[in-house]
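Visitor: I have a model open and would like to go through some of its local features. Can we start with the backbone and then move to the side chains?

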Amino acid sequence: MSTPSRHRSRRATARAAALAAVCALDIASGCVRRTTIELDALRAPNVPPSRIELTLRDDTRLELGHPRLLRRAIAGEVGDCEGASCERVRAEERVDLVHVRHLQAFETDPAAVVALALGFVAGALSITGAVVAAANGGRPAPPPDVVVSTPGSGERYTSFSCPQVYSFDGRGWSLDSGTYSGAHLAAAPRTDHDVLEHLVAVDGEYRLRMLNELSETDHTDALRLRVVDHDPGVRVAPALDGSLLTFTHPRPPVSARDLRGGDAHALVATRDERLWRSRIDARDPDRAEDLRDGLVLEFERPAGATHARLWMRGTTTPWAERMVEDTLARLGSAAEGFFARLESDPAAREGLVRGMIREGMLQVSVWDGAAWRPRGYFWESGPELLKEQAMQLPLEGVVGDRVRVRLDAPLAFWTIDAVALDFDAPAETQVRELLPRLARHASGADLRATLAAVDGQMHTAARGDRVELTFDAPPEVPGRARTVVLVSTGWYRPEVAPAAEPDPAAVARMLAEPGALSRRSLTLLQHTLLTAVLR
């Protein structure tokens, strides 16, 4: 082979490796999107979807019948198969997601992939002492189980989230809620509110299924539904405090730019699952301004408007989940004492919550003409689903005919589908609360009394646990639309393997020092991507 040909081959190999690494790390790439098959259907219990076709990275092509999505693989009945991996796939009856190059349910975004790969390679070649990786935030639902390695440790961690709630729509089950995300302490359970987009009344009943599909132990105190009847065209979304806010004429932003000035308007002006994601090219962990990302949005303001309601549909990324897991793993043998102190010490718990809000939640600020004024935050939601959240947005001190809103969080921690602002008066609603008529554990135990109220009586669920729930659906009101909101209270404790070199002191510093977790996150993300390419 001639020298130019050999160089071209090396460049092609490096480019292919970069593409493979970035696409495999879907938490950081966004180079894959759903098309003909919803991956939620592969996760849904007892619903056999159609056969799918896959192409693996070694060019093996195969068909899977009755496929189902696991956290790290797609399993199913292997049909026609051609290629080097057929024998292994037939024996295992599953395909690891990291080996999948193409799936009938996905299509690649060539522009994103090329930009990511070129930025990755250029940064790796041109910068000494720092890694520059180019990548996007991850898909929200449901993510591949991406491996993250702590630098120098060789440890492999898998993601975790929170209890999963599926809704029955008359034909099958759809994942509709990853509830009370971010609640890891018995002394500080969370009450969460989720709009159930897929739930349909069938024969006068609402049916839900609560599962623990992950390596964690879930503790559910209470679970109920809020049925909201309202005028057609009105959108209902929950605020952090549980209040239900209405949006009669939600206004999309007239402009939207990321914190580096990039135009994001087309991505967040409408609810269409064309997601805004962080880009991490040319980021330096030692520069504070490189550690966070977000959006600056401008809305037209009606004359005299002094108050608004902000609506957002988005989710935390799988990368954010990996950083929580990385933090817990670094506690090592100190983890038990760490949690024990938090359970018994209110001041320590408050410090943890402040750190979680600062480092993980989506901060909301309003421009008053001189400075950004904090107005609150949206709570993390877990990476499996896009979640609707809302908040009241006072406009005191805001001048002019435009309202500028800033959303920001650590780099690559959030992905956003749409944002809107409503200045109209709240719409009239009728709200009814429903307790389950049936709450049956897979063992046959009746859990209605356990889940009826926030009283400390917990249903404790290990991995594989399942609870079937049935609610009596109120009759539909003629001429009215309906939104159903799940209200759940509980906490969960993930099972995390300790890091090879635990560093609990570093964890304490990260929780106390603003920006420390964001710096660790960017450094780890860059290391992970570069390691994947070099391999």
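**Backbone and side chains**

Guide: Glutamate 93 is found in the loop between helix H4 (86-92) and strand S5 (94-96). Helices (H or I, at least four residues) and strands (E, at least two) are DSSP runs, numbered from the N terminus. This is a predicted model, in which local features need pLDDT of at least 70 and side-chain atom pairs count only at pLDDT 80 or more, while totals for chains, interfaces and linings use all residues. Residues are numbered from 1 along each chain as its sequence is written, and side-chain values use heavy atoms, with hydrogens and water left out.

Visitor: What is the phi of glutamate 93?

Guide: Glutamate 93 has a positive phi of about 55 degrees, although it is not a glycine.

Visitor: Is glutamate 93 buried, exposed or partly exposed?

Guide: Glutamate 93 is partly exposed, at a relative accessible area of 46%. Buried means under 20% relative accessible area, exposed over 50%, and partly exposed in between (1.4 Å probe, protein chains only).

Visitor: And where is alanine 412?

Guide: Alanine 412 lies in the loop between strand S22 (402-410) and strand S23 (414-422). Alanine 412 is not a glycine, but has a positive phi of about 70 degrees. Alanine 412 is buried, with a relative accessible area of 3%.

Visitor: New topic. How many aromatic pairs are there?

Guide: The count is five aromatic pairs. Rings of Phe, Tyr and Trp (its six-membered ring) pair if their centres lie within 6.5 Å; planes under 30 degrees apart count as stacked, over 60 as edge-to-face and the rest as tilted. One of the pairs is tyrosine 180 with tyrosine 492, which is tilted, at 6.3 Å centre to centre and 40 degrees between the planes.

Visitor: Which parts does that pair tie together?

Guide: Tyrosine 180 lies in the loop between strand S9 (173-178) and strand S10 (190-195) and tyrosine 492 in strand S28 (residues 481-494), so the pair ties together parts that are 312 residues apart in sequence. Both tyrosine 180 and tyrosine 492 are buried.

Visitor: What about phenylalanine 338 and phenylalanine 339?

Guide: Their ring centres are 5.4 Å apart and the planes are at 75 degrees, so phenylalanine 338 and phenylalanine 339 make an edge-to-face pair. Phenylalanine 339 is buried, with a relative accessible area of 11%.

Visitor: Last one, which residue lies over the face of phenylalanine 168?

Guide: Arginine 207 does, at 4.7 Å from the ring centre. A charge sits over a ring if NZ of Lys or CZ of Arg is within 6 Å of the ring centre and within 35 degrees of the ring normal.
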